[in-house]
Amino acid sequence: MLQERIADLAKFVEPDRVRKEVYTDAAIFELEMQRIHEKYWIYCGHESQVPKAGDYYTVQVGRQPMLLVRGKDKKVHVLYNRCPHRGNMMCGDRHGNTGEFFRCSYHAWTFQHDGKLRSIPMMESGYAGTRYGKDNPDCSMKRAARVESYRGFVFASLAADGPTLKEFLGESKIAFDDMCDRAPGGEVEVVPNCFRVIQHSNWKIFLENQLDALHPSVVHQSTGRAAHEVEKDIANKTGKAPLSYHMLSAFATVTIDKWDNFQTLNYPHGHCILTGYMGLRPKDPDTLAYEKVMHQAYGKKRTEEILGVNIHHVLIYPGLSVQSPLQQLRAVRPLGVDKTLTEIWHFRLKGAPEPIYRRSLAYYNLVNSPSTMINADDLENFWKCQQGLASDGGDWVSFGRFHGRDLEKDGVVETGPNMGTSEAPMRNQMKAWAQFMGGAR
Ligand code: FES
Ligand SMILES: [Fe+2]
């Protein structure tokens, strides 16, 4: 039965629309986990989350509970969070330090940080003449098939074959270059811990929303307007309102027609970039002090190149949304066909003055955190989409805005002039989805 439906998957995706089952069918979800999330490169965490030998962080890759762990050799390993003896979960805490080695809490088998079996209680007497022991790889913790990192951001692929991380990321690696280059020290470090939000909607709904330039001035209008009123009040009274109000009021002042001025660039593997930095490069003393430190680190010309990068958002399919100029990212962890965990992480620019960190922290709290109204506005719509899609009110989700008007060059699809609200990013993601699922036409 499932086999027949798998063969039919191509019928679920057309260039400008997608069947609703893609968001609601539990069997399709299982297949997505096998063919996409447990196969292609998934973000596990940043190297600075595990600075010392024995530091670990648990992370979900597809349906698999994994461990990110720093070894004594300084290498970062990604292991299945499972004891090979009787299957016990190795680390029950979200993160911590395992000491010199992992020790299973059930029967005390121990393992090196790279997962290799270290000891079994009374191994010689208990296992003499059996197939179990140090030479049997089945007695070690299983490792992710491939682990690679780019500028400190660690990814794992649970499939032995496939493109390298760099090949897979392609142009989308600019997300990490833009983030790290903005640091006078050339790298970022994680700000512990992250926010975690469980959304009652399919994982693709969140990703499709990230580069949906039509929605902000609709969905976030009321929040933007309220912030704008207060901003004006403060400015009238004091002559100048804090920049944090601008982060919210922009949702009202950048009206729906202005979003067409933005542009999206859509790349192979479903990755997309939304251009248009939010203009957070004012000439206040904090910014000028930061620019001075950047000049010392890079020289004037290179500093201008770095600060001139015009990116608002990079979507790295199938599980990452990065706002590089503000040093934050959201990782998507699908939990079920209508349940998705997002981790919202924030990074500090090494060597940048404290007020610059405070500014991006304000954006993190005001726009991306679970307590902001912006996030609540989005979550309400994601949930309502899932409810509507589960109904018999229609069979298709449409991605037809500016369809046929995009410009394609060397495999990159650019939205045309003044077509920033094109649904090209959603079409691009579903194109990759169909390819990955093996149902491309
Ligand atoms: S289940 Fe881990 S040592 Fe027995
Ligand atoms: Fe939004």
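This is a short talk that walks through one protein chain, from its overall build to a few of its side chains.

Hi everyone, and thanks for coming. Before we look around, a word on the ground rules. This is a predicted model, where local features need pLDDT of at least 70, side-chain atom pairs count only at pLDDT 80 or more, and totals for chains, interfaces and linings use all residues. Residues are numbered from 1 along each chain as its sequence is written, chains are lettered from A and ligands numbered from 1 in the order in which they are written, and side-chain values use heavy atoms, with hydrogens and water left out.

Let's start with the whole chain. How many helices and strands does the chain have? There are 15 helices and 23 strands; these are DSSP runs, H or I of at least four residues for helices and E of at least two for strands, numbered from the N terminus. The radius of gyration is 24 Å, close to the 22 Å that the globule rule gives for 441 residues, so the chain is as compact as a globular protein of that length. That radius is taken over C-alpha atoms, and the rule is 2.2 Å times the number of residues to the power 0.38. Along its principal axes, the C-alpha trace spans about 80 × 55 × 40 Å.

Of the 441 residues, 52% count as buried. Buried means under 20% relative accessible area, exposed means over 50%, and partly exposed is in between, using a 1.4 Å probe and protein chains only. As for contacts (heavy atoms within 4.5 Å), among those between residues at least 6 apart in sequence, 66% join residues at least 24 apart.

Now to a sheet. Strands S3, S12 and S11 form an open sheet of three strands in the order S3-S12-S11, with antiparallel pairing. Two strands pair if DSSP finds at least two bridges between them. The edges are S3 and S11 (146-150), each pairing on one side only. On average, neighbouring strands here are turned by 30° against each other, direction ignored.

Is S3 enclosed or open to the outside? Five of the five residues of S3 (residues 42-46) are buried, so this strand is largely enclosed by the rest of the structure. S3 pairs with S12 (residues 153-157) in the antiparallel sense over four bridges. In S12, Phe-153 is the bridge partner of His-46, while Ala-156 stands opposite Ile-42. Lying across S11 and S12 is helix H6 (residues 174-181), which runs at about 160° to S12. Angles like this go from 0 to 180 degrees between N-to-C directions, and axes are lines fitted to C-alpha atoms, for helices over the stretch in contact.

There is a second sheet to show you. Its four strands run S6-S5-S4-S7, again an open sheet with antiparallel pairing. Strands S6 (76-80) and S7 (95-97) are the edges, each pairing on one side only. S5 (residues 64-70) pairs with S6 over five bridges in the antiparallel sense, and Val-69 has His-77 in S6 as its bridge partner.

On to the aromatic rings. The whole structure holds 17 aromatic pairs. Rings of Phe, Tyr and Trp (its six-membered ring) pair if their centres lie within 6.5 Å; planes under 30 degrees apart count as stacked, over 60 as edge-to-face and the rest as tilted. Trp-109 and Tyr-127 are an edge-to-face pair, 6.2 Å centre to centre with 90° between the planes. Trp-109 is in the loop between S8 (102-103) and S9 (110-111), and Tyr-127 is in helix H4 (residues 123-127), 18 residues apart. Trp-109 counts as buried at 4% relative accessibility, whereas Tyr-127 is partly exposed at 21%. Tyr-127 also forms an edge-to-face pair with Tyr-132, 5.9 Å centre to centre and 75° between the planes.

Which residues make up one aromatic cluster? They are Tyr-43, Tyr-150, Phe-153, Phe-155, Phe-176 and Phe-347.

Finally, look at Gln-327. Where is Gln-327 found? This residue is in the loop between S18 (320-323) and S19 (328-336). Gln-327 counts as buried, at 4% relative accessibility. Leaving aside neighbours within four places in sequence, its contacts include Met-179, Arg-182 and Phe-347.

That's my tour; I'm happy to take questions.
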